[in-house]
Each structure stands twice: as C-alpha cells, then as structure tokens.
Amino acid sequence: MSTANSNRPNASIIVSDRHEGFALSAAIREEIHHEMSHYDDHRAASIEALKIVQKHHGWVPDGACAAIGEILGVPASDIEGVATFYNMIFRRPVGKYVIKVCDSIGCFLNDYEVLRAALIQKLNIQPGQTTADGRFTLLPICCLGACDKAPVLMINDDTHFNVDPGKLDALLEQYR
Ligand code: FES
C-alpha cells in the first residue's frame, strides 16, 4: 500500500547551491541579534536566525549558514544541520509564491491526489520544482492541523481550506 508521504521531495535534502561570500545585511544582523537576546545559549536562536534570512532573502545559501554561525558563535556545520532538519528552510531558490500541499492522511483521503494532479497540470511542474517564470514553487507538507477542512494547502503564509481542485485558476490568480 502506498503511503501519503511516498515520493515526497524534501526541500532539506536538496543540496544547496554554493553561494560563497554571502553577506548578511545590517537589518538581518539586527534581527538575529534581537532574537539572540532571548536566550542564554545563543545556539537556541539558530532556527529563528535561519527563518530571518529566509524571510529577507527567500532561501538560505551555504554562505548564510556560515554567517549565522559566526554571529551565534556556533560552527557553520551545526547551522547546516538545523537547516537540513527543518524541511521548510529552503536550501535553493524558490518561486515568489511557495505552494505547500498537505499530503498527510486526512488530506490524502480527501482529494489530495486530485488536487496535486490539478496543480501539476496547471503549473506544468512536478513537486519540488519552480515554474519557469519564477512565480510558483510546489512542495508537499505534513499535516497543517486542519484535517476537518481537507484538502488544505498554503501559499506563502496563507492557508486555504477545502480547496476545490476545479477552482484553482481563481485561487492562483490571487497570487500575481
Ligand atoms: S491531514 Fe491535511 S491538514 Fe491534517
């Protein structure tokens, strides 16, 4: 029996593009320092620091892991490890909008496959890929905690419930 998560492309295992010499902006540094101030052990700010870089930069290149490590006083390899563990930290460029489709069991049993097929057809990409115009990246995601409103997907920070695969055009049109 196939499982809901089979063939899941995991953003965290995609080898990142090398991006040596990445420099954190002053704004990013300030946000990371603010986050560090909440913890005695600065290592605890690792995931938030990665999220801050991703918020500003769109994704997290290797050079950013090294730069974060310098600020936190943590080896770059440790930051890489955190970035790899959290699969919503993107290690390569993504589209302007990231569509994350829940493929956990509640959605899987409620039109996930129809929705996934419709997205693949409309976007002309496979999960894990980005459209040629850089507008959308399509990724699977685990349960979003709204199983009674399946199928569910997120587009960037927006969560959409009871998504009708037949009305995808209108939904995607909101994201230009
Ligand atoms: S299974 Fe999709 S939101 Fe829970």
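Begin by selecting E80 and R91, whose side chains meet in a salt bridge with an N to O distance of 3.0 Å. The model in view is a predicted one. This pair links distant parts of the chain: E80 belongs to helix α4 (residues 76-85), whereas R91 sits in the loop between α4 and β1 (97-102), 11 residues apart. Is R91 buried or exposed? R91 is buried, because its relative accessible area is 4% and buried means under 20%. E80, by contrast, is partly exposed, with a relative accessible area of 23%.

Salt bridges that share partners join D62, E80 and R91 into one network. As a general principle, side chains of opposite charge can pair when their charged atoms come close.

Next, select E31 and K55. Their side chains also form a salt bridge, at 2.8 Å from N to O. Where do the two partners lie? E31 is found in helix α1 (residues 26-36) and K55 in helix α2 (residues 46-57), so that the pair links distant parts of the chain, 24 residues apart. E31 is partly exposed, with a relative accessible area of 24%, while K55 is exposed, at 57%.

Now move to K122 and D169. The closest N and O atoms of this salt bridge are 3.4 Å apart. K122 lies in helix α6 (residues 112-123) and D169 in helix α7 (residues 168-173), and the pair therefore ties together parts that are 47 residues apart in sequence. K122 is partly exposed, with a relative accessible area of 35%.

How many salt bridges does the model contain? The count comes to 8, and the pairs visited so far, including E31 with K55, are among them.

For the last stop, select T131, which is placed in the loop between α6 and β2 (136-141). T131 is buried, with a relative accessible area of 10%. Display the backbone of R135 as well: its nitrogen lies 3.1 Å from a polar atom of the T131 side chain. Which residues beyond its neighbours within four places in sequence are in contact with T131? They are L123, I125 and F136. Show these residues together with T131 to complete the tour.

Terms used
Residues numbered from 1 in each chain as written. Predicted model: local features only at pLDDT ≥ 70, side-chain atom pairs only at ≥ 80, totals over all residues. Heavy atoms only, no water. Salt bridge = Lys/Arg side-chain N within 4 Å of Asp/Glu carboxyl O. Helix = DSSP H or I, 4+ residues; strand = E, 2+ residues; numbered from the N terminus. Buried < 20%, exposed > 50% of the residue type's maximum accessible area, 1.4 Å probe, protein only. Polar contact = N/O pair within 3.5 Å; in protein donor to acceptor, adjacent residues only side chain to side chain. Contact = heavy atoms within 4.5 Å.
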